[in-house]
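This briefing goes through one protein structure, topic by topic. Keep the sequence and the 3D view open while reading.

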Amino acid sequence: MTVLGNRALGRATLARQLLLDRADVPVLDAVAHLCGMQAQEPQEPFIGLWSRLRAFDPAVLSDLLSARGLVRTHLMRRTVHLLTAEDILAWRTRHETMLRQRVLGTYRRELEGIDLDELAAAGRAVMADGEPRSMAELVGALAARWPAPPPRALGELLIAALVPVAQTPPRGLWRAKAGVRNVLLSSWLGRQPDPPSPDGADLVGQALIRRYLAAFGPAASADLRAWCGLAGLPAAVSAIREELVSFRDESGRELLDLPGAPRPDPDTPAPVRFLPAFDNAILGYHDRGRIIDGAHRGLSVAGERVVLVDGRVAATWSVDTGTVVVTPLGLLSQADRTAVAEEGREVASFLSDGESDRVRVPPG
């Protein structure tokens with residue numbers, strides 16, 4: 001079986017994630033291809049799409065949220081994601097058990113003895129009027145019936161797991177600062193999430209595997225699980241295995257992939273890219289060695305924005321009074337520093353609407 005080294009896997013990831021060459025595709029199609037974008041920090045998807053798309057206009061993303069073509073909600077790994085309306089309706093039911101388990105895993109003692117179906121029905125009844133509500137407002141409406149649990153635990157159980165909701169604009173719009181307000185997903189999109197397949201076949205799981213591999217492959221089953229958090233996927237993998245091709249990584253893990261998916265030459269040049277916080281190009285794997293060194297793995301879950309140099313995380317970045325500030329994680333060559341500075345100026349201009357192109361890269 002062919003062995004793919006980290007450099008080959010890294011180039012495949014860059015190609016699938018639209019980071020090797022900026023893509024000339026509509027915003028909606030890009031979000032669909034990426035299987036959604038992690039979005040608990042509301043402005044970060046704008047940076048992620050700017051780094052992936054040619055001539056990205058942030059107003060287009062805002063308009064899609066307002067027009068309900070894109071939705072902000074909890075899904076993969078119980079984190080807030082930006083997803084297409086079509087995908088959230090197709091995928092939400094398949095994620096429900098995982099969402100419940102993850103909330104209960106955090107608040108099991110506080111939520112002990114609660115009838116989850118009864119609470120879910122009560123939550124839906126409160127939300128049925130279509131009025132956007134904060135988590136605190138929803139919990140307040142139910143506190144008389146469930147006075148014992150801490151409000152945070154009850155709220156997360158309702159909003160992140162039991163009641164499918166969408167976060168309403170202006171939350172998530174370009175340059176908007178707004179708190180989280182929720183409405184029923186079915187009210188926001190005009191129909192209920194798709195039910196499970198009646199014959200017991202995990203058709204959604206199979207579709208998720210194909211979509212994941214198209215955006216993240218080649219990847220191991222553990223990577224797939226790390227991305228979505230779902231249990232029960234080995235059976236779905238088995239059901240479509242004949243469609244897939246297999247490789248090994250340097251540690252001997254089996255990697256699955258779609259036969260015709262891009263696997264660029266490991267020596268393909270990779271441009272500098274600035275990634276947002278919590279980008280799934282990093283978080284979408286159990287083994288992240290293809291894109292980030294083990295010593296820096298913690299950056300990917302700490303909310304640090306990172307810079308890719310030659311396809312790997314080589315620096316973090318932030319913005320200070322209009323200046324993009326780059327902090328290298330090691331020595332950068334003069335050529336790399338120049339390339340980072342050039343891309344940093346473009347990032348600064350994007351984030352400031354052209355008012356600043358200042359960037360600071362420490363000498364190396």
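The model is predicted. Strand β4 is largely enclosed by the rest of the structure, because 5 of its 5 residues are buried. Asp257, a residue of strand β8, is also buried. A search of the whole structure gives 9 aromatic pairs.

- Strand β4 covers residues 80-84.
- Val80, Leu82 and Thr84 point one way from β4, while His81 and Leu83 point the other way. Residues on both sides are buried, as all five are.
- Strands of a sheet pair through backbone hydrogen bonds, either parallel or antiparallel.
- Strand β2 (residues 37-38) pairs with β4 in the antiparallel sense, over 2 bridges. Met37 has Leu82 as its bridge partner in β4.
- Strand β3 (residues 70-74) also pairs with β4 in the antiparallel sense, here over 5 bridges. Leu70 has Thr84 as its bridge partner in β4.
- A hairpin is formed by β3 and β4, with 5 residues between them. In the turn, Arg77 has a positive phi of about 60 degrees.

**Arg78, in the loop between β3 and β4**

- Arg78 is found in the loop that lies between β3 and β4.
- Is Arg78 buried or exposed? Its relative accessibility is 19%, and the cut-off for buried is under 20%, so Arg78 counts as buried.
- The side chain of Arg78 makes a polar contact of 2.9 Å with the side chain of Glu156.
- Beyond its neighbours within four places in sequence, Arg78 is in contact with Met98, Leu99, Arg102, Val103, Thr106, Glu156 and Ala160.
- Arg78 and Val25 are 53 residues apart in sequence, and their C-alpha atoms are 28 Å apart in space.

**The sheet that holds β8**

- An open sheet is made of 3 strands in the order β1-β7-β8, and its pairing is mixed. Its edge strands are β1 (3-4) and β8, each of which pairs on one side only.
- Strand β7 (residues 245-249) pairs with β8 in the antiparallel sense, over 4 bridges. Val245 stands opposite Asp257 of β8.

**Asp257, in strand β8**

- Asp257 belongs to strand β8, which covers residues 254-257.
- The relative accessible area of Asp257 is 0%, so this residue is buried.
- Apart from neighbours within four places in sequence, the residues in contact with Asp257 include Arg16, Leu213, Gly217, Pro218 and Leu244. Val245, Phe247 and Arg263 are also among them.

**Helix α10**

- Helix α10 (residues 203-216) has 14 residues. From its first C-alpha to its last, the helix reaches 20 Å, close to the 20 Å expected at 1.5 Å a residue.
- The buried residues of α10 include Gly205, Gln206, Leu208 and Ile209. Tyr212, Leu213, Ala215 and Phe216 are buried too.

**Aromatic rings**

- A pair of aromatic rings is described by the distance of the centres and the angle of the planes.
- The structure has 9 aromatic pairs in total. One of them is Tyr212 with Phe216, a stacked pair at 4.8 Å centre to centre and 15 degrees between the planes.
- Tyr212 and Phe216 are 4 residues apart in helix α10, so about one helical turn separates them. Tyr212 has a relative accessible area of 1% and is therefore buried. Phe216, at 0%, is buried as well.
- Phe274 and Trp317 form an edge-to-face pair, at 5.4 Å centre to centre and 70 degrees between the planes. This pair links distant parts of the chain, with Phe274 in strand β9 (residues 273-275) and Trp317 in strand β11 (residues 312-320), 43 residues apart. Both Phe274 and Trp317 are buried.
- Phe46, Trp50, Phe56, Trp174 and Phe350 are linked into a cluster by ring pairs.

**Charges over rings**

- Arg305 lies over the face of Trp317, 4.6 Å from the ring centre.
- The charged end of Arg68 sits over the ring of Trp188, at 3.6 Å from its centre.

Key:
Residues numbered from 1 in each chain as written. Predicted model: local features only at pLDDT ≥ 70, side-chain atom pairs only at ≥ 80, totals over all residues. Heavy atoms only, no water. Buried < 20%, exposed > 50% of the residue type's maximum accessible area, 1.4 Å probe, protein only. Pairing = 2+ DSSP bridges. Contact = heavy atoms within 4.5 Å. Expected span 1.5 Å × (residues − 1). Phe/Tyr/Trp six-rings, centres within 6.5 Å; stacked < 30°, edge-to-face > 60°. Lys NZ or Arg CZ within 6 Å of the ring centre and 35° of its normal. Polar contact = N/O pair within 3.5 Å; in protein donor to acceptor, adjacent residues only side chain to side chain.
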